[in-house]
Amino acid sequence: MASDRIFGAVVTLVALAYIASATQIQSGFMSDPVGPRTFPILIGSVAALCGMVIAIRPDPDPEWPELATLGALVASAVVLIGYAYALKPLGFLLPTAIAAGFLSYQIQPKAKAAVLAGVGLSFGLFVVFKFALGLGLVAFPKMLMG
């Protein structure tokens, strides 16, 4: 119970800080009528509401995951943080393939399927982002392009 209350309070505080930072977003001269602040404020409000509900009505008998599950969650978080830092220097394809393959292996530990999922997701997302959505992704780092 205490862990749920602490988690709910932390989520509420982080959401309120997120809302406060969203109010600092500057509107450009040519922006839509709603403005760039509305969506972040809405997301922060929902997160704050959820945090308050968890703090006020905690689960009476929370179940903590086993140590192996916590280790897998930490490993996944480390991979995703590494992915964020690797995108700029390594381009989109390689970091995405590695991260997607690792996370796929976490879901179902079959190496061949994880590699295929990582490579397929990497190329598939690149095609969708680059050609269907028209985003300017860099597939490979400049050092490989010559």
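Modeller: Start with what counts as a helix: a DSSP run of H or I, at least four residues long, numbered from the N terminus. Ser122 lies in such a run, helix α5, residues 111–132. Keep in mind that this is a predicted model.

Colleague: How many helices and strands does the chain have?

Modeller: The chain has six helices and zero strands. From the N terminus, the order is α-α-α-α-α-α.

Colleague: Why is Ser122 called buried?

Modeller: Buried means under 20% relative accessible area. Ser122 has 1%, so Ser122 is buried.

Colleague: Which residues is Ser122 in contact with, leaving aside neighbours within four places in sequence?

Modeller: Phe92, Leu93, Thr96 and Ala97. Contact here requires heavy atoms within 4.5 Å.

Colleague: Take Thr96 next. What makes Thr96 count as buried?

Modeller: Its relative accessible area is 5%, and the cut-off is 20%, so Thr96 is buried. Thr96 is in helix α4. Not counting residues up to four places away, Thr96 touches Tyr83, Leu87, Gly118, Ser122 and Leu125.

Colleague: Which residues of α5 are buried?

Modeller: Ala114, Gly118, Ser122 and Phe126. They cover an arc of only 95 degrees around the axis, which puts them on the same side of α5. These buried residues pack against α4. On the other side of α5, Lys112, Leu116, Phe131 and Ala132 are exposed.

Colleague: How do you know that the span of α5 agrees with what its 22 residues should give?

Modeller: At 1.5 Å a residue, α5 should span 32 Å. Its end C-alpha atoms are 30 Å apart, which agrees. After α5 comes Gly134, with a positive phi near 70 degrees.

Colleague: Why are α3 and α4 described by the word antiparallel?

Modeller: Helix α3 (residues 67–90) and helix α4 (residues 93–107) pack at an angle of about 170 degrees. Angles over 145 count as roughly antiparallel. Therefore α3 and α4 are roughly antiparallel to each other. Their axes are 9 Å apart.

Colleague: Which residues of α3 and α4 meet?

Modeller: The α3 side includes Ala72, Ser76, Tyr83 and Leu87. The α4 side includes Pro95, Thr96, Phe102 and Gln106.

Colleague: Now α1. Which of its residues are buried?

Modeller: Asp4, Gly8, Thr12, Ala15, Ile19 and Ala22. Seen down the axis of α1, they fall within an arc of 90 degrees, so they line one face of the helix. That buried side packs against α2. The face turned away carries the exposed residues Ala2, Ile6, Leu13 and Val14.

Colleague: What is the reach of α1 from its first C-alpha to its last?

Modeller: Helix α1 (residues 2–22) reaches 30 Å, close to the 30 Å expected for its 21 residues.

Colleague: And in α2, why does Gly44 count as buried?

Modeller: Gly44, found in helix α2, has 1% relative accessibility, under the 20% limit, so Gly44 counts as buried. Gly44 touches Ala15, Tyr18 and Ile19, not counting residues up to four places away in sequence. Its C-alpha is 8.5 Å from that of Ala17, 27 residues apart along the chain.

Colleague: What share of the chain counts as buried?

Modeller: Of its 146 residues, 22%. The chain exposes about 10600 Å², with 74% supplied by carbon and sulfur atoms.

Key. Residues numbered from 1 in each chain as written. Predicted model: local features only at pLDDT ≥ 70, side-chain atom pairs only at ≥ 80, totals over all residues. Heavy atoms only, no water. Helix = DSSP H or I, 4+ residues; strand = E, 2+ residues; numbered from the N terminus. Buried < 20%, exposed > 50% of the residue type's maximum accessible area, 1.4 Å probe, protein only. Expected span 1.5 Å × (residues − 1). Arc of directions from axis to C-beta. Areas by Shrake-Rupley, 256 points an atom, 1.4 Å probe, with all protein chains shown as cover. Axes fitted to C-alpha atoms, helices over the stretch in contact; angles between N-to-C directions. Parallel < 35°, antiparallel > 145°, perpendicular 65-115°, else oblique.
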